Structure formats: structure tokens, C-alpha cells
Amino acid sequence: MSDDFEILDRRFVRLVNHSARVEQLHTGCRWAEGPAYFAAGRYVVWSDIPNDRMLRYDETDGHVSVFRQPSNFSNGNTTDRQGRLLTCEHGGRRVSRTEHDGSITTIAERWNGKRLNSPNDVVVRSDGSIWFTDPAYGIETDYEGHKAESEIGACHVYRVDPATCEVAAVITDMVRPNGLAFSLDEKQLYVVDTGRTHGPENPAHMRVFDVDAAGKISGGRVFADCTVGLFDGFRLDDEGRIWTSARDGIHCYHPDGTLIGKVRIPEITANCVFGGPKRNILYICATSSLYAVRLMVNGAKLY
């Protein structure tokens, strides 16, 4: 088995190829974040937040180019059901959508008339609703955005209604909500709280909430505590396992909450996304670099 993998439970063994290696595809970022995969073009777009730019990796030839600069200090990215790019902007304090013609539409920038803090990560449910987290990291300093006071005075998780575009706060009891993703049946929402960045008494865990057909949230039990550093962004495979970032790499959790294995990365990881024609390549953003590893499992279909 490659030294790039750490087996903690026998259930992890069949998920990785003993001869596979973690590949560094690009380096030179200050803080790489938020990869999104575009199957039609076979490329990955990700954010380099402090450098105020977005980069693009072409998996057909390995070429890396600047996708957008300035980027409004973009952070998390994803795609919607129409293949458009959704972006969390620290600088713009909004969630935006890049249309097929390249124009940019604001999806959410205020709640109850007050400006958002600095949207961090975003996902789309199959009903078209857009869910995002809004910690204050992008307004606490000028390193990843523009220093400013929070108008809301708290950090929430929000839902954008697909019909009315109304922005509603759906989770309001977190310190610093961060990465988020739906279960395969979309009846549960996993959300990371990285409140530990603001004191050892605060959480460094992932919670799971029940979600009904109308998007109403309930529950919120702790699914897992991070064993090394902090969780950040994460994605699910097509059997419901969670592949989440941590300080020493990507941690893989079985749906029962057991940490079953790790993909070791030599830098602090931030986020990951499944890509490739068969969704069996895990692209990983980690501090200064974009990495990739080929797995024996396929990423969940987004829609």
C-alpha cells in the first residue's frame, strides 16, 4: 500500500489503489480553496483567496491558467444543475453565479437588509435551492477580503429559495459554519463548524441535520470531531462516505461516523472535489497547491 494512504479500518482498503500516488498538479498559491469540476470541459476551477484570483486546471493536458483576476477574493465554488459556476466571494460579500455568456449575477448579498459577512462554501440541492455558509473570515482582516464589521453580528447557514430568491437563515447556532454537503438522498445536510479558530472552547466538528422536502431543518447532532486540526470542505462518494479535509490530508468517514482512512497530503488541506470522466479522481486544494489522487470509488453525482 502506498505511503500516501493510511488504513484505519478494513473498509477503507478497497477504496484505494495500492499503486496510486498523490500528484501535485500545480503550486504557487497562497491559500488554495474551493475546487469545482466542470465535466463538459474536463477542467477544475479553484480559488487562490489571498492572491484574489481563480485558477483553471485542464485535465486533458495539465495546463493551468488564470480563470479570473480579480475574483472578489473568491472562496468556495460549485456548479448548479445548468452547469454554471456558483462562487462565494469574500470581497463582494455575496454568492454569485457566472452565466454561460460569462456575465455575473448576484444570487445573495443581504439577509434581513444587512450585508452578509463573507460567504464561504456553497452547494445546490436538486430542487434548485442554493445553500451556503457565511462565517466572518473574509472581513476579519484584509488578507482574504476587506476588513469590516459584521452587520449581522453572527455567522449562519442560509438557503436561497429557487422560486422567490428569498434568503433565509436555516442554521443559526454555529460559531463559524464552513464546508457543507447533502447526503445522497438529500434528506440530511452535513455542515462543518470551524469555531476552534476563535478559541479552544469552540467546536472543530461536523454536524448533520435532517432536511424535509420543503427545506426545513431539524436536528443537528455531531457527526464527527476532527482528530487533526480542523475540517473544512468535503464531498461524498456514491456510497455515501464523506471525504473531508483536515490538517494532515483528506479523512474518509463511513456513513456511520467512523474514520476509516486518510489520504496523506504534505500541506494543510482546504477542500476537495471528485472529477474525471468517471468521477474517480479526487482533486484536492491544500495551502499552496492543487493535488489529485485516483481512487477505487466514484464521487456522488451532484444531481
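Author: A word on annotations before we start: UniProt positions are given in the numbering used here, feature names are shortened, and annotations may be inferred rather than shown by experiment. This is a predicted model, in which local features need pLDDT of at least 70 and side-chain atom pairs count only at pLDDT 80 or more, while totals for chains, interfaces and linings use all residues. Residues are numbered from 1 along each chain as its sequence is written, and side-chain values use heavy atoms, with hydrogens and water left out.

Reader: Which residues does the UniProt domain annotation cover?
Author: According to the unreviewed UniProt entry, the "SMP-30/Gluconolactonase/LRE-like region" domain covers residues 31-286. Over that range the chain is 2% helix and 50% strand, and the end C-alpha atoms lie 7 Å apart. Helices (H or I, at least four residues) and strands (E, at least two) are DSSP runs, numbered from the N terminus.

Reader: Which strands form the open sheet, and in what order?
Author: Four strands form it, in the order β13-β14-β15-β16, with antiparallel pairing. Two strands pair if DSSP finds at least two bridges between them. The edge strands, each pairing on one side only, are β13 (122-124) and β16 (167-171). From one strand to the next the twist averages 25°; axes are lines fitted to C-alpha atoms, for helices over the stretch in contact, and angles run from 0 to 180 degrees between N-to-C directions.

Reader: How many bridges join β13 and β14?
Author: Three bridges join β13 to β14 (residues 130-134), and Val122 stands opposite Phe132 in β14. Strand β15 (residues 156-160) pairs with β16 over four bridges, where Val157 faces Ile171.

Reader: What lies between β15 and β16 in their hairpin?
Author: Six residues lie between those strands, and Cys165 in this hairpin takes a positive phi near 65°.

Reader: New topic: how many disulfides are there?
Author: A search of the whole structure finds zero, a disulfide being a pair of cysteine sulfur atoms within 2.5 Å. For Cys88, the nearest cysteine sulfur is that of Cys155, 14 Å away. For Cys226, the nearest is that of Cys272, at 13 Å.

Reader: Is Cys226 buried or exposed?
Author: Cys226 counts as buried because its relative accessibility is 14%. Buried means under 20% relative accessible area, exposed over 50%, and partly exposed in between (1.4 Å probe, protein chains only). Cys88 is buried too, at 0%.

Reader: And which residues have the most contacts inside the largest nonpolar core?
Author: They are Trp243, Leu282 and Leu295, in a core of 21 residues. A nonpolar core is a set of buried Ala, Val, Leu, Ile, Met, Phe, Trp, Tyr and Cys residues joined through side-chain atoms within 4.5 Å. The largest share, three residues, comes from β26.

Reader: What does Leu295 touch?
Author: Leaving aside neighbours within four places in sequence, Leu295 is in contact (heavy atoms within 4.5 Å) with residues including Phe5, Trp243 and Leu282.

Reader: Where does Thr244 lie?
Author: Thr244 lies in strand β22 (residues 242-246), and it is buried, with a relative accessible area of 0%. Beyond four places in sequence, the residues that Thr244 touches include Met206, Phe231 and Tyr253.

Reader: Finally, is Lys301 buried or exposed?
Author: Lys301, in the segment after β27, is exposed, with a relative accessible area of 62%. Lys301 and Leu236 are 65 residues apart in sequence and 9.1 Å apart in space, C-alpha to C-alpha.
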